[in-house]
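My notes follow, in the order I looked things up.

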Amino acid sequence: MVMKRYNLIIVLNEAEDKVLMCYRSKNPYKGKYNLVGGKIENNEDNLASAYRELFEETGIKNYDIKLTLFMDFVWHVIDMEMIVFIGKLSKDISLVEEVHKLVWVDINENFYDTSKFAGEGNIGHMIEIYKLHRDLIFKD
């Protein structure tokens, strides 16, 4: 079986006090907030895929944000890999919704709340790792 590959993108506003989420209008995770991202096409570069999905889902262009490889997950039992990128916007921008409603969520929200957020607690884990290592991620 060929492993399914996806990207997930943590987008922070310029002040780093909000995270961009989409409110899922369809399954998986219908009715919950999730990070933006999507499928990595066959032979597509991971970073190029992340920028493509980010633009398709939000209208954010590659010159509005610098994405950095953050972490990845592999779920062997379901043959799935998730590549996670992180970036912060260089300025305020107007978002363009593709399918799901886009919402800025406060960085101090409880992202472990699985009744509200997708990912079985993984989003909470990723946000906490960002908070611990922010200075390594964004060397400004």
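I began with terms: two strands pair if DSSP finds at least two bridges between them. Helices (H or I, at least four residues) and strands (E, at least two) are DSSP runs, numbered from the N terminus. The model is predicted: local features need pLDDT of at least 70, side-chain atom pairs count only at pLDDT 80 or more, and totals for chains, interfaces and linings use all residues. Residues are numbered from 1 along each chain as its sequence is written, and side-chain values use heavy atoms, with hydrogens and water left out.

**Entry 1: strand β2.** I looked for the partners of β2 (residues 18–23). Strand β7 (residues 101–106) runs antiparallel to β2, and six bridges join the two. β2 also pairs with strand β3 (residues 33–34), again antiparallel, over two bridges.

**Entry 2: T58.** Is T58 buried or exposed? I noted my cut-offs: buried is under 20% relative accessible area, exposed is over 50%, and partly exposed lies in between (1.4 Å probe, protein chains only). T58 has a relative accessible area of 0%, so it is buried. T58 sits in helix α1 (residues 46–58). I then checked polar contacts (pairs of N or O atoms within 3.5 Å; within protein, one must be able to donate a hydrogen and the other to accept it, and residues adjacent in sequence count only if both atoms are side-chain atoms). The T58 side chain reaches the backbone oxygen of L54 at 2.5 Å. A polar atom of that side chain lies 3.0 Å from the backbone nitrogen of I60. Counting contact as heavy atoms within 4.5 Å, and leaving out residues up to four places away in sequence, I found T58 touching L20, V36, S94, L95, V96 and L102.

**Entry 3: helix α2.** The buried residues of α2 (residues 122–137) are I123, G124, M126, I127, Y130, R134 and I137. They pack against β1 (4–12), β2, β3, β5 (68–75) and β6 (80–88).

**Entry 4: the cores.** A nonpolar core is a set of buried Ala, Val, Leu, Ile, Met, Phe, Trp, Tyr and Cys residues joined through side-chain atoms within 4.5 Å. The largest has 25 residues, and I10, V19, M21, F70, V84 and M126 touch the most other members. α2 gives the most to this core, with five residues. A second, separate core of 16 residues includes A50, Y51, I65 and F85.

Methods:
Expected span 1.5 Å × (residues − 1).
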